[in-house]
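Here is a short briefing on strands, a helix and charged pairs. Please look over the sequence and the 3D structure before reading on.

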Amino acid sequence: MDDFTLLWKRLRSLGAEGKIRNDEWLARVKLLRCVVCSNESSECHHFVPAYQGMRCSDYLVVPVCRKCHTDIHLHENESTTRMMLLESWIRIILKYMGNQ
């Protein structure tokens with residue numbers, strides 16, 4: 001199993017374990033540009049899917065516009081889509097941590 005697959009599985013289980021809800025964080029993420037097309041975002045995509053029937057943590061989201069959100073759901077099982085979403089999330093977290 002490659003490193004990306006291991007990381008993906010760990011994030012998925014952490015997201016389910018945490019079950020963290022944070023409306024303030026979601027509102028902040030929605031202020032960022034869409035990670036796909038750079039247009040204004042209006043939604044947050046939980047980039048780690050629900051796990052064992054539980055919704056993912058609200059901290060595991062990326063900002064997206066409506067069109068891109070729909071497209072992501074059509075292709076979310078493709079490794080290139082998952083990798084792009086994970087890399088975007090890492091950039092957001094690093095930027096956020098730098099502002100602390």
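Does Lys67 count as buried or exposed, and at what relative accessibility? Lys67 counts as exposed, at 58% relative accessibility. The model is predicted. The structure holds three salt bridges, and Lys67 forms one of them with Asp71.

**Strands β1 and β2**

- Strand β1 covers residues 43-46 and runs antiparallel to β2, with four bridges joining the two.
- Cys44 has Pro63 as its bridge partner in β2.
- Strand β2 spans residues 61-64. Val61 and Pro63 point one way, while Val62 and Val64 point the other way.
- In a regular strand, side chains alternate between the two faces of the sheet.
- Both sets of β2 residues are buried.

**Helix α3**

- Helix α3 spans residues 66-75, and its buried residues include Cys68, His69 and Ile72.
- These residues lie on the same side of α3, because they cover an arc of only 105 degrees around the axis.
- Among the elements covering the buried residues of α3 are β1, β2 and α4 (79-98).
- The face turned away from the buried side carries Lys67 and Leu74, which are exposed.

- Asp71 and Lys67 form a salt bridge, with their closest N and O atoms 2.9 Å apart.
- The two residues are four apart in helix α3, so about one helical turn separates them.
- An α-helix has 3.6 residues a turn, so residues three or four places apart point the same way.
- Asp71 is partly exposed, with a relative accessible area of 30%.

- Arg66 and Glu43 meet through their side chains in a salt bridge, at 2.9 Å from N to O.
- Arg66 belongs to helix α3 and Glu43 to strand β1, so this pair ties together parts 23 residues apart in sequence.
- Arg66 counts as partly exposed at 48% relative accessibility.
- Glu43 counts as buried at 17%, because the cut-off for buried is under 20% relative accessible area.

- Glu24 and Arg28 form a salt bridge, and their closest N and O atoms are 3.4 Å apart.
- Both residues lie in helix α2 (residues 23-30), four residues apart, about one turn of the helix.
- Glu24 is exposed, with a relative accessible area of 53%.
- Arg28 counts as partly exposed, at 40% relative accessibility.

Notes
Residues are numbered from 1 along each chain as its sequence is written. This is a predicted model: local features need pLDDT of at least 70, side-chain atom pairs count only at pLDDT 80 or more; totals for chains, interfaces and linings use all residues. Side-chain values use heavy atoms; hydrogens and water are left out. Buried means under 20% relative accessible area, exposed over 50%, partly exposed in between (1.4 Å probe, protein chains only). Two strands pair if DSSP finds at least two bridges between them. The arc is that of the directions from the helix axis to the C-beta atoms. Contact means heavy atoms within 4.5 Å. A salt bridge is a side-chain nitrogen of Lys or Arg within 4 Å of a carboxyl oxygen of Asp or Glu.
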